[in-house]
Amino acid sequence: MRYFIIQKVVKWCYITKSYINNKGKSTSKIIRKLGTLEELSAKLGTDRDGVMAWAKEQALIETHRYRDDGESKTVLIPFHSDRQLDYGKQVFYEGGYLFLQSVYYGLKLDRVCRKIRSRHKFEYDINAILSDLVYKP
């Protein structure tokens, strides 16, 4: 988090947090409004540089508080003791290969295999062989 000064008519001091929203755009959110520069300098009894040092210290405190809150969150998993389990129903699915498959195609290994196959005139599908070796159990 960082401290920020906006000057309209009066200079306001804020603590803001930058983040990426669900559309992928970078944006910021005001966490705490510290006050005007004149109010803070009168309250703290310092000049502009002293207020800036205090605002930086407050931003650091807010950062530590935000990190501590994120680390100590509890996740609740609902469990109903009065409900019976369906023993015939499959609950877990094999999906571990999806990560490896995304890495495989992200590295464009399928294109590399296609180029090797066309260059050397292989009759067999080298892409299928390599993909089986990478993410099949």
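Modeller: Here it is, and please keep in mind that this is a predicted model. To begin with the cysteines, the structure contains zero disulfides.

Biologist: What makes Cys13 and Cys113 buried or exposed?

Modeller: The cut-off for buried is under 20% relative accessible area. Cys13 has 1%, so Cys13 is buried. Cys113 has 4%, so Cys113 is buried too.

Biologist: Thanks! What is the overall fold pattern along the chain?

Modeller: Along the sequence the protein chain reads β-β-β-α-α-α-α-α, which comes to five helices and three strands.

Biologist: How do you know whether the protein chain is spread out or compact?

Modeller: For 137 residues the globule rule gives 14 Å, and the radius of gyration is 28 Å, well over that, so the protein chain is more spread out than a compact globule. Its C-alpha atoms fill a box of roughly 80 × 60 × 20 Å along the principal axes, and buried residues make up 18% of the chain.

Biologist: Why is Glu62 called buried?

Modeller: Glu62 has 8% relative accessibility, so Glu62 counts as buried.

Biologist: And what makes the contact of Glu62 with Arg32 a salt bridge?

Modeller: The cut-off is 4 Å between the side-chain nitrogen and the carboxyl oxygen. For Glu62 and Arg32 the N to O distance is 2.9 Å, which makes the pair a salt bridge. The two are 30 residues apart, with Glu62 in helix H2 and Arg32 in strand S3. Arg32 counts as partly exposed, at 27% relative accessibility.

Biologist: Which residues are linked with Glu62 in a network of salt bridges?

Modeller: Arg32 and Arg65 are linked with Glu62 in that network. The side chains of Arg65 and Glu62 meet at 2.8 Å, N to O. Arg65 and Glu62 are three residues apart in helix H2, so about one helical turn separates them.

Biologist: Why does the pair of Asp125 and Arg117 count as a salt bridge?

Modeller: Their closest N and O atoms are 3.9 Å apart, and the limit is 4 Å, so the pair qualifies.

Biologist: Finally, how do you know that Lys17 has no salt bridge?

Modeller: Lys17 is buried, and its nearest side chain of opposite charge, Glu62, is 10 Å away. With a limit of 4 Å, therefore, no salt bridge is counted for Lys17. Lys17, in strand S2, does make a polar contact of 3.3 Å with the side chain of Tyr66.

Key
Residues are numbered from 1 along each chain as its sequence is written. This is a predicted model: local features need pLDDT of at least 70, side-chain atom pairs count only at pLDDT 80 or more; totals for chains, interfaces and linings use all residues. Side-chain values use heavy atoms; hydrogens and water are left out. Helices (H or I, at least four residues) and strands (E, at least two) are DSSP runs, numbered from the N terminus. Buried means under 20% relative accessible area, exposed over 50%, partly exposed in between (1.4 Å probe, protein chains only). Lys and Arg count as positive and Asp and Glu as negative; His and the chain ends are not counted. A polar contact is a pair of N or O atoms within 3.5 Å; within protein, one must be able to donate a hydrogen and the other to accept it, and residues adjacent in sequence count only if both atoms are side-chain atoms. A disulfide is a pair of cysteine sulfur atoms within 2.5 Å. The radius of gyration is taken over C-alpha atoms; the globule rule is 2.2 Å times the number of residues to the power 0.38.
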